[in-house]
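Welcome, and please keep the viewer open while you read. This report walks through the fold one region at a time.

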Amino acid sequence: MSVPYIGILVDGLIYSGIKHGVPYFERIHFYEAACKKHHLIPCYFRLKDLNIETGQVNGLVKGNNGKYELKDLQIPAVIHNRGLFFNNSSKEKLKRLQRSGVMIFNDWNRYGKLMVHQILNRDEDLSRHLPETRKASLENLKEMMEKHNELIIKPNSGSLGGGVILIKRIDNEQWTVTSHQQRWPFTDKLPDILQKKASSKYYIIQQRIPLAKSEGSPFDLRVSVQKNGTGEWQVTGIVGKVAKKGSYVTNVAQGGTCRPLWEIVGGIPELDYDMIYKQIEEFSLQAVKELESHFPSLADVGLDIGLTEDGFPMFIECNGRDLRITFGKAKMMDVWKATYTTPISYARYLLDSKGKGE
Ligand SMILES: Nc1ncnc2c1ncn2[C@@H]1O[C@H](COP(=O)(O)OP(=O)(O)O)[C@@H](O)[C@H]1O
Ligand SMILES: [Mg+2]
């Protein structure tokens with residue numbers, strides 16, 4: 001009985017990392033261990049390595065000497081997508097592969113924040129967890145400034161925390177806009193940076209969630225929500241991201257630090273860990289199911305969720321390709337590993353349920 005291959009579709013940087021034995025983001029040995037457990041062999045390739053006409057792929061497979069070698073194989077029946085694809089020809093290629101019977105999960109992993117908001121907002125239970133969000137326009141900015149004392153303006157599509165600005169009311173007339181460490185006061189005339197972002201179609205305006213603080217700095221959470229070995233959604237782990245002193249964004253790329261949720265919550269007497277965990281879990285599972293009804297192959301996301309000062313979970317964004325590194329940075333080794341193992345368990349489930357496993 002031969003051991004089936006499982007495809008891991010990656011982009012150029014990660015691919016060259018595997019080829020040359022340098023880990024760029026992905027922890028390949030976690031995939032290897034998970035595959036061994038499930039009696040599978042991982043094979044790593046880029047989109048351009050797949051030949052739909054011949055049904056073959058030229059991919060990297062670990063050889064007996066522990067080094068990765070290129071091999072020509074039949075395209076695996078199940079592929080876990082870890083690449084980001086922007087152009088239409090790549091998306092079309094993924095669709096053609098799916099039409100040919102290959103199961104690719106998480107194929108669609110780049111979505112606009114506004115679209116995700118609109119999908120979740122249709123459900124009444126979920127909508128309680130959403131900050132008010134609008135497309136950027138000067139008119140919407142004016143309306144949002146009438147309704148809220150703090151606003152966030154940010155790119156509609158991923159930014160690693162770059163390009164996020166904060167607007168804050170000081171008194172009846174005075175406001176400030178903050179970008180990174182710089183601040184501009186204003187009354188009627190908008191500072192250039194605000195004028196530009198608020199009128200750009202690539203930005204959204206959002207009510208700022210009054211995030212709970214850890215030792216004076218706001219924090220939010222990365223919640224890994226994945227499909228598991230029984231084909232069901234689960235919360236694989238939750239990690240806190242604490243903003244750098246004086247910052248309003250928590251991203252690691254902007255100097256944020258990662259800590260386990262229990263550790264952060266343990267330092268805040270008003271917050272109850274078990275209750276918070278349960279509420280986040282409930283919200284996250286309901287949210288991914290709603291998203292899945294629009295994006296059928298969804299199976300692995302990283303949600304950014306904020307907590308208000310009294311511990312109520314508020315949705316910030318959905319990352320379609322969570323780099324998972326936050327768990328490593330918080331030294332949550334078991335959870336970090338599980339974020340790699342769970343998608344492989346799901347791949348095994350897909351293989352077995354379609355009768356293609358051996
Ligand atoms: N509505 C909001 N309220 C409070 N903080 C926010 C809000 N939106 C974004 N942030 C902060 O900015 C960070 C980056 O925003 P996010 O929507 O996650 O975009 P990205 O990570 O793609 O840059 C968040 O992790 C959070 O710390
Ligand atoms: Mg984010």
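## The largest pocket

At least two lining residues of the largest pocket are supplied by each of α4 (113–121), β9 (150–155), β13 (203–207), β15 (217–227), β19 (313–319) and α10 (325–329). The model you are looking at is a predicted one. Of these elements, β19 gives the largest share of the lining, with five residues.

The volume of this pocket is about 1200 Å³. Its lining counts 49 residues, and those nearest the centre are Leu160, Arg222, Asn251, Glu317 and Asn319. Sorted by class, the lining holds 21 nonpolar, 15 polar and 13 charged residues.

## Domain layout

Domain 1 covers 5–107, domain 2 is made of 113–129 together with 211–348, and domain 3 covers 133–207. Between the centres of domain 1 and domain 3, taken over C-alpha atoms, the separation is 41 Å.

## Helix α1 and its cover

Helix α1 spans residues 12–20, and its buried residues are Ile14, Tyr15, Gly17 and Ile18. These residues lie on the same side of α1, because the arc they cover around the axis is only 160°. Among the elements that cover them are α2 (28–37), β2 (41–45), β4 (56–62) and β5 (68–74).

After α1 comes Gly21, which has a positive phi, near 70°.

Ile104 sits in strand β7, which runs over residues 103–105. Its relative accessible area is 4%, so Ile104 is buried. Which residues does Ile104 contact, leaving aside neighbours within four places in sequence? The partners are Ile79, Asn81, Leu94, Leu97, Gln98 and Ser297. For a sense of distance, Ile104 and Pro42 are 62 residues apart along the chain, and their C-alpha atoms are separated by 14 Å.

Asn106 belongs to the loop between β7 and α4. Its phi is near 65°, a positive value in a residue other than glycine. Asn106 is also buried, because its relative accessible area is 1%.

## A contrast at Glu215

Glu215 also has a positive phi in a residue other than glycine, here near 45°. You will find Glu215 in the loop between β14 (213–214) and β15. Is Glu215 buried or exposed? With a relative accessible area of 67%, Glu215 is exposed, whereas Asn106 is buried.

Apart from neighbours within four places in sequence, His117 contacts Leu130, Pro131 and Thr133.

Helix α6 spans residues 138–147, and Asn140, Leu141, Met144 and Met145 are buried in it. Why do these four count as being on the same side of α6? The reason is that they cover an arc of only 135° around the axis.

The face of α6 turned away from the buried side carries Glu139, Lys142, Glu146 and Lys147, which are exposed.

Arg259 is part of strand β17, residues 257–260. Not counting residues up to four places away in sequence, Arg259 touches Ser214, Val239, Gly240, Val242, Ile264 and Ala330. From the C-alpha atom of Arg259 to that of Asp310, 51 residues apart along the chain, the separation is 19 Å.

Our last stop is Thr339, which is found in helix α11, residues 333–353. Thr339 counts as buried because its relative accessibility is 0%. Its contacts, leaving aside neighbours within four places in sequence, are Ser224, Gln226, Thr236, Arg324 and Phe327.

Technical notes. Residues are numbered from 1 along each chain as its sequence is written. Chains are lettered from A and ligands numbered from 1 in the order in which they are written. This is a predicted model: local features need pLDDT of at least 70, side-chain atom pairs count only at pLDDT 80 or more; totals for chains, interfaces and linings use all residues. Side-chain values use heavy atoms; hydrogens and water are left out. Domain bounds come from an automatic or database domain assignment. Buried means under 20% relative accessible area, exposed over 50%, partly exposed in between (1.4 Å probe, protein chains only). The arc is that of the directions from the helix axis to the C-beta atoms. Contact means heavy atoms within 4.5 Å. On a 1 Å grid over the protein atoms alone, a cavity is a set of points where a 1.4 Å probe fits but cannot get out, and a pocket is an open set with protein on both sides within 12 Å along at least five of seven lines; lining residues have an atom within 4 Å of a point. Grid points are joined across faces, edges and corners, and a volume is the space filled by probe spheres set on the points. Ala, Val, Leu, Ile, Met, Phe, Trp, Tyr, Cys and Pro count as nonpolar, Asp, Glu, Lys and Arg as charged, and the others, Gly among them, as polar.
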